[in-house]
Amino acid sequence: MSEAAVSQRRVLLASPRGFCAGVERAVATVEQALSKHGSPVYVRHQIVHNAYVVSALERKGAVFVDNLRDVPHGATIVFSAHGVSPAVRAEAEIRDLRPVDATCPLVSKVHKEAVKFAEDGYDILLIGHAGHEEVIGTTGHAPDRIQVVDGPHAAAGVTVRDETKVAWLSQTTLSVDETIDTVTALRARFPDLANPPSDDICYATQNRQNAVKLIAAQSDLVLVIGSRNSSNSVRLVEVALAEGAAGAYLIDGPDDIQDRWLSGVMTVGVTSGASAPEVLVRGVVENLFSAGFTDLQTVGSVTETQHFVLPRSLMD
């Protein structure tokens, strides 16, 4: 390799990155609801966990609320991609709201798994982060049967009715490696622990974590574009550090990059969480090129073809 090539500062762009099919569907759902019903359209919580996306939809007429009491009777309410409990759906019906369900189909799959395990008399150990909207929604489908296990360390505190009838499910946006560690810890206590019918960690989460592993091993610094309340984005930072990146930071966009991070850095890896739009990636790359990086390489070969149709209520 030539001396010029060695001294060239480069950006490694992870592929795949950014919007997954569930996020694309959720954002399109709000836009289509605005087109069909007019402004305002109300959205329970952030439609996806990204400040840029939420602000863009607010400018188009979406109103984000934390409580259905803040929605006028008879208005259109969109349920976010993270899913809701049956109790929330019942409250919307009582208030005569017009529900539009943007729940990611992969989250809905976990809901159905929870209901089936509960009907069969299982205690369900839901691996996930307590307080996360997806975990709250899933727990609401079988509240008497589900307990949240927030990492391997929490396995020791689990109690169940019958150690021969225990199953695990997981939040879809977790670190694959951490989930495996938690399942291993749980299985050490409950050898008969039943697996979910299919993998609960979503394909996009797995793909983005695999891609960031590829760039982290070659990077002095990894920048993950995503908001701080985005679970899958936070996990990407953790994975990058675990895979050998000297530094990794979660940023909302190009304005968050600090000059001191780039001092002495020859290779920067860039990726984005599943709820971060590509326009932010372009801004970050432009910022890095302005700072003296001259080479851009895409790393990764997985092509995602998954597509989810819009809710039926918007397709009439």
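Predicted model: local features only at pLDDT ≥ 70, side-chain atom pairs only at ≥ 80, totals over all residues.
Helices here are DSSP runs of H or I with at least four residues, strands are E runs of at least two, and both are numbered from the N terminus. Residues are numbered from 1 along each chain as its sequence is written, and side-chain values use heavy atoms, with hydrogens and water left out.

Back to H111: it counts as buried because its relative accessibility is 5% (buried is under 20% relative accessible area, exposed over 50%, partly exposed in between, with a 1.4 Å probe and protein chains only). Leaving aside residues up to four places away in sequence, H111 touches G83, V84, G137, T138 and H141 (contact being heavy atoms within 4.5 Å).

Next, the nonpolar cores, meaning sets of buried Ala, Val, Leu, Ile, Met, Phe, Trp, Tyr and Cys residues joined through side-chain atoms within 4.5 Å. The largest one has 30 residues, and V30, V43, I47, V48, L57, F64 and V78 touch the most other members. Contributors of at least two residues each include α2 (21–37), α5 (105–119) and α8 (203–216), with α2 giving the largest share, 7 residues. Another core, of 19 residues, lies apart and includes L262 and F293.

Then there is an open sheet of 5 strands, ordered β10-β9-β11-β1-β12 with parallel pairing (two strands pair if DSSP finds at least two bridges between them). Its edge strands are β10 (247–251) and β12 (295–299). Strand β1 (residues 10–14) joins β12 over 5 parallel bridges, and L12 sits opposite Q297 in β12.
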